[in-house]
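The tour goes from one selection to the next, with a short account of what is found at each stop.

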Amino acid sequence: MTGTVRFFVFVVILLIPGLTEILPQIIFREPESTVKRSSELDYLEKSELRSKIILNGGWKFSKEGDDGYIIQVPSAFNRPGEFIFEREFQLSKKDINSSTFQLHFLGLNYSAEVSVNSFVIYKHGGGEYPFAISLARDLLIYEKPNKISIKISSFLDSRNTLPFRQRFLNPLPSFGIFRDVYLLKSPQVHINRNYFKYRVSSDGKKVSTVSGIKISNFTFQRDTLINGDQFSLKVGFRNMTTGEITEAASGSITVKRGKEANITISADIVNPRLWTPSQPDRYEIRYELYNGSVKIDEINRPYSFYHLERSDSGLNLNNQPFVLQGVTYIPSSPGGAGLPGYADFESDLRIIKETGFNAVRIPMMLPHPYILDACERLGLLVFAELPLNSVPSDLLIENNYRSRVRNYLNQFVRGYSGYGAIAAIGFGTGYIGDQAGVAEFFTDLKSTAQKGTNWLTYASFIPADITYPDGIDFYGIEFSGMPFEQMTETYKVLQEKLGKGRLFVSEAGYLANLKGASGYINPSSFEAQAKYFQDMLTFFETGNHSGWFLHTMFDYHASYSSIVSGYNSEKLINYGILGESGKKETRLAYKVIMSKMLNLERVTIPIGIAKHDAPMEFIIAGILLAFMTGLMVNSGRKFREEALRALMRPYNFFSDVRDHRMISGMQTFLLAMITAGIMSVVFMSLLYNLKDSVLFEKFLLSFSSENIINIMSYLTRHPLQGMLVMTVLFLIKFLVLTIGIRLFASFVMNKVYLSHSYYITIWSFIPVLLLIPVTVVLYQFIHQNELAVYIYWALGIFFFWILLRILKGVYVIYDTNPLKVYGYGFLILLGAAAAVLLYYQINDAAFFFIMRAFAESGVV
């Protein structure tokens, strides 16, 4: 099957409603290896008095009412719907009576309803953050296995979910139970940590910590270890490098049976070994709960201490000048067929560290807890962020939306506050500085984030010389896709406006999707990408800066095939400094960056020979169409006369059609083929010119249809197939117009035949023949031409003239008042357009996102 035929099949499958729902079976992506032993989760916490029951492995997967089948957990799918995950676990009577249990999820997506033994115990509002659910003793049974049932909804929408359904260049989402699940068995009286905060003294010689602890007393029957309701809690620290132990602080608390109580304990570490990227010292925090002299519970977990703050001239880490030299990290797997696992995370992060980076930013997704632990071990600061991208102002000012984001952030803090690697929390990307409501939005989120953490706050903005809002500690600026010279000038302006200590580059990336090219003179080539990073790093070697994040370490997979990144069946986003994670592909950009970061020998980047981006398909198609038109014109005097009359005196020509004057059906058919072909060349020339347009891609994303954007992505990179497809579609358009004109004839007195409608439709497009010379040069003329916008307007006016000709032909063959035809015609067209926009606005908030896309581009 040829590529063109495959694409026709692809288009049919995507456009027929409902067909995509019944054709493919849901495909699950799984990691190469999963956690099977409880000790593999010791990075979360360790305890000799607790145990973990791993619930990974086989789960029953089904839709409601189906028999279902067994799948592996963790795993992920990418399909909207509601699905049920079920599995069983066995507990003994002794376990139930002498212990408490918590069900831990390191991540599921999106929203979920969790049931145990047919009782709904928790509703997860949506999001990938880790969370835990306490299981009441009276829910659990020992006579037979306990049954967990999780109903997961993988629907995203355009108003209520984080992220929205419109996700520009977002990584492929992981729906389902895509991270580890385990059951934590704890003593009946046990420790629950609410929050942990610390402060490093100005001289760095003392760390003052505050632990907010909740003690739960769920004693069911007389326990020989428990005597009364008086307990003491000790907090201690052990340096994991030297083994040095800091004397524990303690506090007493009364917790009656069946109750919970909170206690706050302050403890100091004198002369601490503070964490730095070059010396990532860590401490083990130990919480011990005593009843009298008997230890009844303990928790041990790693943590690191450091002090990152901003100054007028930049950043300071532990009172020493510090520059963020980071890279964005989006975990992915080769081909997008699997899920990245622990070994993949470890390998990726070691490559990042060995390249010379000291920080990672994890955009558009929430990090796996193992990533945070590995970053802390390896010496990488983490900038984590909420999955918000280009939020329209109309939603940003809604109280309901703000409340949802605030609740999400609360859960984020609860799930991630125990990881010392997180230095800052981001409130999303794609903001515009003077956007309505953004300052109040940030202020609200900052107060929420800093209640239980030491995190700094930031947000990423579209660069512009405008007023920026208060409410955050840092301003990240997104320079991906911006030419280097423009980037440096904009950066200098913003640095003066915002201050060197408050500004950093949140992402600077270069799409390299031009395969087989050589030399940085060719845009989008690997050499051009390398030159971009070389120039950028050279620029940041001088002056005071807070820092930067390059975008991104590895290529990754999206949920749709991006237009600007270039169509490929694997939906790969080609921003990577390296290729896909796990593939041994070393790009020139990687060598250049490593040489700059580690002060190695300078890497030479070839300039190459410029290659012109002018597909020969347009020229050949234009010549063939000109040849076919010449044959038509020279086929006989009759066609020339009719063509001239239809062009210059359309009223007379349409009157002849109404009066049944003989017109060649074969010539009309050939004319339809030629005009459809010419319009397809014009359309594809315009579309090909938009292949690098972020605005065009975001406009299409506003309608939240991945099918539409996949098709458009294919067409922009395959002009020949695109012209063939568009020719067929224009012929179908002629057919629809023909049938429509005939159907509306039912409302007039005059007798109108289908042949009348057919001739009116086709011959109304006779002016399209005038565009034949344009087809040969159109793309070359509009590509990188400042007059391109005027050409778009001219073509718009030209096809509006075609519309007027069609309406003129309609009122002639209807033999009715022209004003009625024009009036009803425009009313129908405007009504149809309004109905479509209203439909997408109600379902997808499309108008909000369209206006947002134009605002980002500076059009409005």
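Strands, as the term is used here, are DSSP runs of E with at least two residues, and they are numbered from the N terminus. The model on screen is a predicted one.

With that numbering in mind, select the loop between β5 (99–105) and β6 (111–116), where Y110 is placed. The peptide bond that leads from N109 to Y110 is cis, and its omega is near 5°.

Next, follow β6 into the loop between β6 and β7 (119–124), and pick S118 there. Although S118 is a residue other than glycine, its phi has a positive value, near 75°.

Then move to the loop between β9 (146–153) and β10 (181–187), and select P163. L162 and P163 are joined by a cis peptide bond, for which omega is about 5°.

For the following stop, display β29, β30 and β31, which form an open sheet of three strands in the order β30-β29-β31, with mixed pairing. The edges are taken by β30 (572–573) and β31 (578–580), and each of these has a single partner strand, so one side of each is left without a neighbour in the sheet. Between strand β29 (residues 554–557) and β31 there are two bridges, and these two strands run parallel.

The last stop is inside the protein. How many cavities of 30 Å³ or more does a search of the whole structure find? There are four of them, and the largest cavity holds about 130 Å³ of space. To see its lining, select Q166, R167, F168, N389, S390, K698, L701, S702, F849, R852, A853 and E856. Colouring this selection by residue class will show four nonpolar, four polar and four charged residues. Two helices, α16 (694–701) and α23 (846–857), each supply at least two residues of the lining, and the largest share, four residues, comes from α23.

Terms used:
Residues numbered from 1 in each chain as written. Predicted model: local features only at pLDDT ≥ 70, side-chain atom pairs only at ≥ 80, totals over all residues. Heavy atoms only, no water. 1 Å grid on protein atoms, 1.4 Å probe; cavity = no way out; pocket = protein on both sides within 12 Å on 5 of 7 lines; lining within 4 Å. Points joined across faces, edges and corners; volume = space filled by probe spheres on them. Nonpolar A, V, L, I, M, F, W, Y, C, P; charged D, E, K, R; others polar. Pairing = 2+ DSSP bridges.
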